[in-house]
Amino acid sequence: QKTAYEIRNCDWNSDVCSSDLFAPMRLEQRLVGDQVSNPFPSFYTKQITNLFFFKNRLGFLSEDKIVMTEYGLGKVINNTIFYNFGRTTVQALIDTDPIDVTIATDRVTNLQSSAIFQDKLILFSENTQFSLDTGGEVLSPTTISIVPVTEFNAAPNVNPVVVGDSVYFSIDKNESLELREYRINKNTESYESYAVTNQVPT
């Protein structure tokens, strides 16, 4: 059974695709503090459901948590990239520190997928969609804001797709799927969602 760090797209012994092997992800060792002041990322030992790259940070979704690396593209040591999920000082919280937050909601939330849309990150759970924004500020542990925008039962294992100035995603309607379009109203800056498969017979 493969772990989150040992994903590969072919068998090691295959001559056809052995060059396409994904190497295990390397994490930088804890630089300061201890497990109390500088703990491991919250996805540790949990299932990772989605990966993304947003505003120069590598990010992960796991259950109701969003975890992002320290700002930057990682540290290269001997041709290997090491990603840092720990703070570089415990004296103060700085803008480049990793981000590790939990969705604040009264519903059980399991984040499934994400889409970068008009400088925002849209997060999809099984029953709610969220917008990750910073209000025009630099993305940091202190500026990150995640708010619910709609409540649709998103179809599992179907990733949203960004096309132009819209995001398309599927919702589960028991015996069928419905395709919806997300747009941002330029006048109100609010999210609007329209069903685009109403005219398709079931």
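Modeller: Let's start with the surface: accessible areas here come from the Shrake-Rupley method with a 1.4 Å probe. This is a predicted model, and its accessible surface comes to about 12300 Å². Carbon and sulfur atoms account for 50% of that area.

Colleague: And what share of the 202 residues counts as buried?

Modeller: Buried means under 20% relative accessible area. By that reading, 35% of the 202 residues are buried.

Colleague: How many helices and how many strands does the protein have?

Modeller: The protein has 15 strands and 0 helices. As for contacts between residues at least 6 apart in sequence, 43% of them join residues at least 24 apart.

Colleague: Let me try a single residue. Which strand holds serine 170, and is serine 170 buried or exposed?

Modeller: Serine 170 sits in strand S13, which covers residues 166-172. Its relative accessible area is 13%, so serine 170 counts as buried. Leaving aside residues up to four places away in sequence, serine 170 touches Asn153, Ala154, Ala155, Val158, Glu178 and Leu179.

Colleague: On to charges. How many salt bridges are there?

Modeller: For a salt bridge, look for a side-chain nitrogen of Lys or Arg within 4 Å of a carboxyl oxygen of Asp or Glu. The count comes to 7. One of them pairs lysine 65 with aspartate 64, and the closest N and O atoms are 3.1 Å apart. With a relative accessible area of 17%, lysine 65 is buried.

Colleague: Which parts of the protein does the pair of aspartate 165 and arginine 183 tie together?

Modeller: First the pair itself: aspartate 165 and arginine 183 form a salt bridge, with 3.1 Å between the closest N and O atoms. Aspartate 165 is in the loop between strand S12 (161-163) and S13, while arginine 183 is in strand S14 (residues 177-184), so the bridge ties together parts that are 18 residues apart in sequence. Aspartate 165 is partly exposed at 32% relative accessible area, and arginine 183 is partly exposed at 30%.

Colleague: Which residues are linked with Arg183 in a network of salt bridges?

Modeller: Asp165 and Glu181 are. The side chain of glutamate 181 meets arginine 183 in a salt bridge at 3.3 Å, N to O. Glutamate 181 is buried, with a relative accessible area of 12%.

Colleague: Now the rings. How many aromatic pairs does the count give?

Modeller: The count gives 9 aromatic pairs. Phenylalanine 40 and tyrosine 44 make a stacked one, 5.1 Å centre to centre with 25° between the planes. That angle is read as stacked because planes under 30 degrees apart fall in that class. Phenylalanine 40 is partly exposed at 45% relative accessibility, and tyrosine 44 is partly exposed at 43%.

Colleague: How is the pair of phenylalanine 43 and phenylalanine 60 arranged?

Modeller: That pair is tilted: the centres are 5.0 Å apart and the planes make 40°. Phenylalanine 43 lies in the loop between strand S1 (26-27) and strand S2 (50-54), and phenylalanine 60 in strand S3 (residues 57-62), so the pair ties together parts that are 17 residues apart in sequence. Phenylalanine 43 is buried at 2% relative accessible area, and phenylalanine 60 is buried at 3%.

Colleague: Which residues form one aromatic cluster, and what sits over the ring of phenylalanine 40?

Modeller: The cluster is made of Phe124, Phe152, Phe169, Tyr182 and Tyr191. Over the ring of phenylalanine 40 you'll find the charged end of arginine 30, 4.9 Å from the ring centre.

Terms used:
Residues numbered from 1 in each chain as written. Predicted model: local features only at pLDDT ≥ 70, side-chain atom pairs only at ≥ 80, totals over all residues. Heavy atoms only, no water. Helix = DSSP H or I, 4+ residues; strand = E, 2+ residues; numbered from the N terminus. Buried < 20%, exposed > 50% of the residue type's maximum accessible area, 1.4 Å probe, protein only. Contact = heavy atoms within 4.5 Å. Phe/Tyr/Trp six-rings, centres within 6.5 Å; stacked < 30°, edge-to-face > 60°. Lys NZ or Arg CZ within 6 Å of the ring centre and 35° of its normal.
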